Amino acid sequence: MSFSGPVVALAGGVGGAKLAVGLAHALPEGALTVVVNTADDLVLHGLHISPDIDTVMYNLAGMSNPETGWGIDGDRTSALDLLGRYGGPTWFRLGDQDLATHIRRTQRLAEGARLTEVTRELAASLGIKANILPMTDSSIATRVKTPEGELEFQDYFVARGTRPSVCGVRFQGADEARATPEVIRAFDEASAIVFCPSNPIVSIGPILAVPDIHERLRSASAPRVGVSPIIGGAALRGPAAEMLKSLGHEVSALGVARILKDVLDGFVVDTEDEALVSSIKETGLRSIALPSIMSDLDSKKKLAQGVLAFASSVQKMT
Ligand code: FO1
């Protein structure tokens, strides 16, 4: 299987970063572009933190914490501990090395660089060959509606441990946000578009909420394939299953396929959900089942190869 242009992956969170690693290994060097959710970004200690970009970056650099999937392997929290003694907030666990990323990002943004440029610089410094693109340079913030009121995303996700039930989600600033020239070029040149197994509501949702990205994805000529983040009615990590349920969606790969249907040609489910393939096909999508639990580099690579072969077959049939 060979692709003439870049393969563009849409990602947010740890599941997205894991498949990005598999894709980077399955493709020739430099052939992968990852468009990453930035609506989880926050400012803390005066620093601009982009958790999903950093998770993708650290995973692609082979330096992520294998236990959490985010943060840096072996990182300590001496700086955060002292910040705590000064009375600063410590609920968002920032490691000493991780802080360097946020300091550098904040400094470059203050100098007038775009988040896209800063991300390129940081990734290049870590030796990453894939192209990591923030979904936008505009400011977008996920706001989670709960019975306790509307919460900022990381307040809901980390500070409150995803405990509040979710009555709705909105992406503040999305209507006015613009795709960057880099993201537009990536979609225009893409030979395949892969939706990583990321939360469809709060990781893929914000990317689709950028109007000109949604439009490009709807009309893309490249094959568009997604991978289900829900396996056997549950998410491997994170609040995707509870969110789907409370927002009235079916908690299954089929439920996710229905949400993303208008921007997909094909959908990959886990082998455990093979029985759902025929119902997914009835929605008009192509579908196959593959082992999709990414526990090590080999399983990440194998899933990536399977997804790329599927995208290639979708291409041939259209
Ligand atoms: N997730 C947590 O559950 N607790 C944390 O304290 C935490 C800190 C953190 C610091 C830097 C970073 O890049 C990610 C961090 N994450 C943490 C993960 C992050 O909240 C989530 O991965 C995403 O925002 C959801 O996609």
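Predicted model: local features only at pLDDT ≥ 70, side-chain atom pairs only at ≥ 80, totals over all residues.
Ground rules: residues count from 1 along each chain as its sequence is written. Local features need pLDDT of at least 70, side-chain atom pairs count only at pLDDT 80 or more, totals for chains, interfaces and linings use all residues, and side-chain values use heavy atoms, with hydrogens and water left out.

**Exercise 1.** Work out which residues come nearest to the ligand and which side chain has an N or O atom 2.9 Å from a ligand oxygen.

*Solution.* 
- Now look for polar contacts (here, N or O pairs within 3.5 Å). Asp-40 is the side chain with an N or O atom 2.9 Å from a ligand oxygen, and a polar backbone atom of Arg-93 also sits 2.9 Å from a ligand oxygen.
- Finish with the elements (DSSP runs; helices are H or I, at least four residues). H6 gives the most to the shell, four residues.

**Exercise 2.** Find the pocket that the ligand takes up, and say which element gives the most to its lining.

*Solution.* 
- Pockets are open sets of points on a 1 Å grid over the protein atoms alone, where a 1.4 Å probe fits, with protein on both sides within 12 Å along at least five of seven lines; lining residues have an atom within 4 Å of a point.
- The ligand's space is the largest pocket (more than half of its atoms lie within 2 Å of the grid points).
- For the lining, H2 gives the most, with five residues.

Conventions
Near = heavy atom within 4 Å. Polar contact = N/O pair within 3.5 Å; in protein donor to acceptor, adjacent residues only side chain to side chain. Helix = DSSP H or I, 4+ residues; strand = E, 2+ residues; numbered from the N terminus.
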